[in-house]
Amino acid sequence: MIALAPRTRLLAAALLFVLFALLPFLATALDDHFIVITATRVMVFAIAALSLDLILGYGALVSFGHAAYLGIGAYTVAVLSSNGVSDLGLQMLGAVLASAAFAAVTGAISLRTKGVYFIMITLAFGQMAFFFFVSLSSYGGDDGFTLQARSTLAGMALLEDDRVFFYVTLAALVLLFLFANALIGSRFGRVLTGTRENPLRMQAVGFTPFRYQLTAYVISGCMAGIAGVLLANQTEFVSPAFMTWHRSGELIVMVILGGIGTLVGGILGAAAFLMLEEWLAIFSEHWKLGMGALLILVVLFTRGGLTGLLRRFLGGRA
Amino acid sequence: MTNLLLLQALNGLQFGILLFLVAAGLTLVFGIMDFINLAHGVLYMVGAYLLATFVGVTGSFWLGLVIALPVALAFGLVLEFLIFRRLYDRSHLDQVLATFGLIMIVNEGVKIIWGAAPLSVPMPELLSGSVPLVGPLQYPVYRIAIIAAGLLTALGLYLMIGHTRIGMLLRAGASNGAMVSALGVNIRRLFMIVFGFGAMLAGFAGAMVAPILSVDPGMGESVLILTFVVIVIGGIGSIRGAFIAAILVGLVDTLGRTFGPILLRMVLEPSAASQTGRTLAPMLIYILMAAILFFRPAGLFGRKS
Amino acid sequence: MSTLLQIRNLRKSYGALKVTDDVTLDIEEGELHAIIGPNGAGKTTLISQLSGQNPSDAGALIYQGEDIMRLSMAERVHRGLARSFQITSLLPGFTVLENVAMAVQARSGSSFRFFAQAAKEDELNRDAMVCLRRVKLADRADRLAGSLSHGEQRQLEIAVALATEPKLLLLDEPLAGTGHEESAALVELMRGMKRRHTVVLIEHDMEAVFALADRLSVLVYGRVIATGTPEEIRNNPEVRAAYLGEEAA
């Protein structure tokens, strides 16, 4: 665990967000529209990774079923838009409610357990959600479901423009980052991080860790649900493939790659992972071979992920 | 209806036995080494591919099996030597990441070596065909053979764990790892033995199903997650728990898929019943797991944490 | 003086081993009650049962007239029953001030506040500083708890317990592992706590125990074999035989 000072964290995030905001201009300059699309995708996963970092990094809850919320958010878009609700705000609200319900029930059961049990149970609940959507034949089952159009903003089809959609996604990322940032410094965040360090101590001063962990788990699920809404819009398609356990694993990888418990790390990690995926895919269709090897090497030989490497490189304390 | 029930119960039993073979090794690795190994399903898959290969080369199922098992064991030991032993004293998170990476490598490696298309393995002559059960009911010999082989393995494990020195160490290790090393046992070697043994059991399970399932690069993962469910229900580190949970999961899953829609038809109209049944059936074992954990957070036979 | 905590026929076994064997004891309001006994007598287990960390097998705990047997540790803390740990149990990655402020936070208002920054809550920090001053750690407030010396960590343990504003304080070997000077400071600290808090003290340092305690109970193999004033305990033949034997001789 590398603790970033709150100011460093905000500064790094601000820098990242400015860089993101400039990307569409770079795309125009290079006449490469693909940059905007890729960057949107990166930001969507950055939100998901950010949400996971909140419980993984600050709560030490290794949730291996986090992709379920991406799926729940995405399917909320499919279900609502095919029933005439196309407004992005309403869809996000729906996704938050659906995610909260799923997280509250599965979290309440999972949090009764610890350690490897928790990891395996969250994985199993993720699979349960996966199979639920696979069996939803009215929404294409295994094959997925193509959306008619992107969601609307204030009744207008504004998101059809990739750039508008890019900036909407960026706005969501910035807001959710600020939310998470405030959260970890709040009373609530203190209890959560305190529980990560020493749950017995927290009980001995009068806290019941379960309540705080469950609340964090639900909040995190809701944030990932919002990422799911954006993901469905980005691909204009929803499918159970959004929520395979591989996806859950990749989200963990993103958080670790970027530096766990730093919030910005999740954003960096999402960018690094997706870039790496594209880059390795240029060399070979068997890019997963390289990704897998890299993962093992990262675990065996580095501590603290990219942020940690960067800090060591810059001469900071590791 | 009774016939269908009997048939499906046997199928469920056979599925459960298979899950037990994979789960047995994994639960020991979890319990004794406190090591979360996502790549255990990979060993199952590799077992199936090895069998397919050696049956192809030798032209004989039995010869293929005899060669495939030690090779699966060797594969497991190589992985232990190269990667796993560096992870035992790491955090669960590191273990998750590294073994997740290993899955990517092996899955992709299998695709490169054997291709992405499913392979099939011919049924051995000796075990093909069916035997009559009751009345007009027939059941495939091969599936009975799987059940028998699994039960024999379970019995062997039971005897080994209850009555041998290594079994005693395993039991002690599963409940208190520090104590075993305090006894002066070479813990590294014990880990290696446990790991290799678990790998071979998983490989054996993979080899056994090769003739009745298609051998494809995704086969390890569906089994892996079901195995997790089994271990969690049974209680980590408990072979007995794994056995009972595996049979339970096998039966609930198989019977739920067949009889869920039938039962639902009693309360719902047919179309709704079949949709609800199809939705609920794959979720049943997870609901079962949730229910058991709600009352016993450490599983049926797990130690209280 | 009234009875603050009535312990009645409390039991706890691990398998065949009776760790707490039918313990009945009254803790009077305002007293410092020391529990002594040889290693393995079950002292820490008893504290864990009183604080709610370990469930009891049987018996009753009446605290201020209320049966608290089924209450969780956190609920007992809110009723004014706090403990310190024999093996230092702090939040090593938090500052000294934050460690104490956490305890203040637990008793002052809801912690389901998601936006306002806790570090800027003057009230939390002010109350925490008061506790730090009491244990003479005020000058260490901004250090990480994990970077303190062993003795300072023992002091911080007590500061955290004090910050919960306990009526009844359970101290589990506060002097364990401390040097001569550190232990003298801690004894002074405990002397200052007398009358303001009711204290149950487990301690091996007999000099400190006899200097501080109003009453003592002797625990041997999970049983209370004697309770009384320091003078009575010193002269109790059974205690001398079972425990103080060689020291008293």
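# A tour of three chains

Of the 249 residues of chain C, 45% count as buried; a residue is buried if 20 or more other C-beta atoms lie within 10 Å of its own, exposed if 12 or fewer, and partly exposed in between, with C-beta atoms placed from the backbone. This is a predicted model, in which local features need pLDDT of at least 70 and side-chain atom pairs count only at pLDDT 80 or more, while totals for chains, interfaces and linings use all residues. Residues are numbered from 1 along each chain as its sequence is written, and chains are lettered from A and ligands numbered from 1 in the order in which they are written.

**Stop 1: chain C as a whole**

Select chain C. Its secondary structure consists of nine helices and 10 strands. Helices (H or I, at least four residues) and strands (E, at least two) are DSSP runs, numbered from the N terminus. The C-alpha trace of chain C spans about 60 × 40 × 35 Å along its principal axes. A compact globule of 249 residues would have a radius of gyration near 18 Å, and chain C agrees, because its value is 18 Å. That radius is taken over C-alpha atoms, and the globule rule is 2.2 Å times the number of residues to the power 0.38. Of the contacts in chain C between residues at least 6 apart in sequence, 67% join residues at least 24 apart. Two residues are in contact if their C-beta atoms, placed from the backbone, lie within 7 Å.

**Stop 2: the open sheet of chain C**

Next, select strands β1, β2, β4 and β5 of chain C. They make an open sheet of four strands in the order β2-β1-β4-β5, with antiparallel pairing. Two strands pair if DSSP finds at least two bridges between them. β2 (17-28) and β5 (66-67) of chain C are at the edges; each has a single partner strand, so one side of each is left without a neighbour in the sheet.

To see one bridge partner, select L5(C) and look in β4(C) for Y63(C). Then move to N9(C), which lies in strand β1 (residues 3-14) of chain C. Its phi is near 50 degrees, a positive value in a residue other than glycine. Most residues other than glycine have a negative phi. N9(C) counts as partly exposed because it has 13 C-beta neighbours inside 10 Å.

**Stop 3: β3, β9 and β10 of chain C**

Select strand β3 (residues 32-36) and strand β9 (residues 215-220) of chain C, which pair in the parallel sense over four bridges. I36(C) has V218(C) as its bridge partner in β9(C). The hairpin of β9(C) and β10(C) has two residues between the strands, and Y221(C) takes a positive phi near 45 degrees in it.

**Stop 4: chain B**

Switch to chain B. Its secondary structure comes to 12 helices and two strands, and from the N terminus on its elements run α-α-α-α-β-β-α-α-α-α-α-α-α-α. The mean pLDDT (the predictor's confidence in each residue, from 0 to 100) of chain B is 86, and 94% of its residues reach 70 or more. Confidence in this chain is lowest in helix α7 (residues 177-182) of chain B, at a mean of 65, and highest in helix α2 (residues 40-58) of chain B, at 93. Of the 305 residues of chain B, 47% count as buried.

**Stop 5: where the chains meet**

Show chains B and C together: they do not touch, and their nearest C-alpha atoms are 12 Å apart. Two pairs of chains do touch, and the most contacts are between chains A and B. The contact takes 35 residues from chain A and 36 residues from chain B. On the side of chain A that touches chain B, the largest share, 13 residues, comes from α5(A).

**Stop 6: a loop in chain A**

Finish at A60(A), in the loop between α2 (34-59) and α3 (67-82) of chain A. A60(A) is not a glycine, yet has a positive phi of about 55 degrees. A60(A) counts as buried because it has 22 C-beta neighbours inside 10 Å.
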